[in-house]
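Welcome, and please take a moment to look over the model shown here. The report that follows walks through a few of its features.

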Amino acid sequence: MITVPRTCLLIGTFWMLLAAGCTGDPVARARAFVESGDRYAANNQLREAALEYRNALEQQPNAAEVHYKLGLTFERLGEIDDAQRAFMRVTELDDRYPDADLRVALRFMEVPRFDEARRLAQRVLTREPKNVRALVVLARAMEGLGDSAAAAHHLKEALTIDPRSSEAHVARG
């Protein structure tokens, strides 16, 4: 049985740890939350992972990598609108996440916002000129904008890079 002094010690320790956590380095706290979120995600504990990534974003709101991980987690949870918001934030913060750019571009295709989808696909191709998925998204966007010749050109380029690309073959019809 826990005695009163031991209970007081436990409560005191809890408050000291809590206070120490509140005054520490936000980058270190964010890193700890991300590492915890990664462990949860690896164990398919997705709600817990999402919570940890959100905690990390409270410490570092502009961390593109954390927004990206949160987007992937929301996607796995089937929370597509939340995933889209997270990926959109990544595209605003950092152009080094081509997968996020293309996920947002594909969603823009559904709305339809073809010009924005085109812009994101072109951004990916600036960094990765042989990205077949970006070429296919660009082709579909150009088709949506009424430029069939450009669409055909980009699909041909995609199939030249990867003749077995199912995405390019499906887009070609």
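Are Y68 and Y97 buried or exposed? Both Y68 and Y97 are buried. Keep in mind that this is a predicted model.

## The overall picture

Let us begin with the whole chain. The protein has 10 helices and zero strands, and from the N terminus on its elements read α-α-α-α-α-α-α-α-α-α. Of its 173 residues, 36% are buried.

The accessible surface amounts to about 10400 Å², and carbon and sulfur atoms hold 56% of that area. As for contacts with a separation of 6 or more, 42% of them involve residues 24 or more positions apart.

## The aromatic cluster

Back to the tyrosines from the opening question, now with their ring geometry. The protein has two aromatic pairs, counting ring centres within 6.5 Å. One of them joins Y68 and F87 in a tilted arrangement, with 5.8 Å centre to centre and 55° between the planes. Y68 sits in helix α4 (residues 64-77) and F87 in helix α5 (residues 80-93), so this pair ties together parts that are 19 residues apart in sequence. Y68 counts as buried because its relative accessibility is 17%, under the 20% limit. F87 is buried too, with a relative accessible area of 1%.

Y68 also forms a tilted aromatic pair with Y97, at 5.4 Å centre to centre and 40° between the planes. Here Y68 is in helix α4 while Y97 is in the loop between α5 and α6 (98-110), so the pair ties together parts that are 29 residues apart in sequence. Taken together, Y68, F87 and Y97 make up one aromatic cluster.

How far apart are the end C-alpha atoms of helix α2? They are 24 Å apart, which agrees with the 24 Å that the 17 residues of this helix (residues 26-42) should span at 1.5 Å a residue. The buried residues in α2 are A30, V34, S36, G37 and A41. Viewed down the axis of α2, its buried residues fall within an arc of 165°, so they line one face of the helix.

## The ends of α2

At the N-terminal end, D25 caps α2, with a side-chain oxygen 3.2 Å from the backbone nitrogen of V27. Just after α2, N44 adopts a positive phi of about 60°.

## A buried serine in a loop

Where is S165 placed? S165 belongs to the loop between α9 (148-161) and α10 (166-172). Although S165 is in a loop, S165 counts as buried because its relative accessibility is 7%.

Which residues does S165 touch, leaving aside those up to four places away in sequence? The residues that S165 touches are V132 and L159.

Methods
Residues are numbered from 1 along each chain as its sequence is written. This is a predicted model: local features need pLDDT of at least 70, side-chain atom pairs count only at pLDDT 80 or more; totals for chains, interfaces and linings use all residues. Side-chain values use heavy atoms; hydrogens and water are left out. Helices (H or I, at least four residues) and strands (E, at least two) are DSSP runs, numbered from the N terminus. Buried means under 20% relative accessible area, exposed over 50%, partly exposed in between (1.4 Å probe, protein chains only). Contact means heavy atoms within 4.5 Å. Accessible areas come from the Shrake-Rupley method with a 1.4 Å probe; for residues, only the protein chains shown count as cover. Rings of Phe, Tyr and Trp (its six-membered ring) pair if their centres lie within 6.5 Å; planes under 30 degrees apart count as stacked, over 60 as edge-to-face and the rest as tilted. The expected span of a helix is 1.5 Å times one less than its number of residues. The arc is that of the directions from the helix axis to the C-beta atoms. A polar contact is a pair of N or O atoms within 3.5 Å; within protein, one must be able to donate a hydrogen and the other to accept it, and residues adjacent in sequence count only if both atoms are side-chain atoms.
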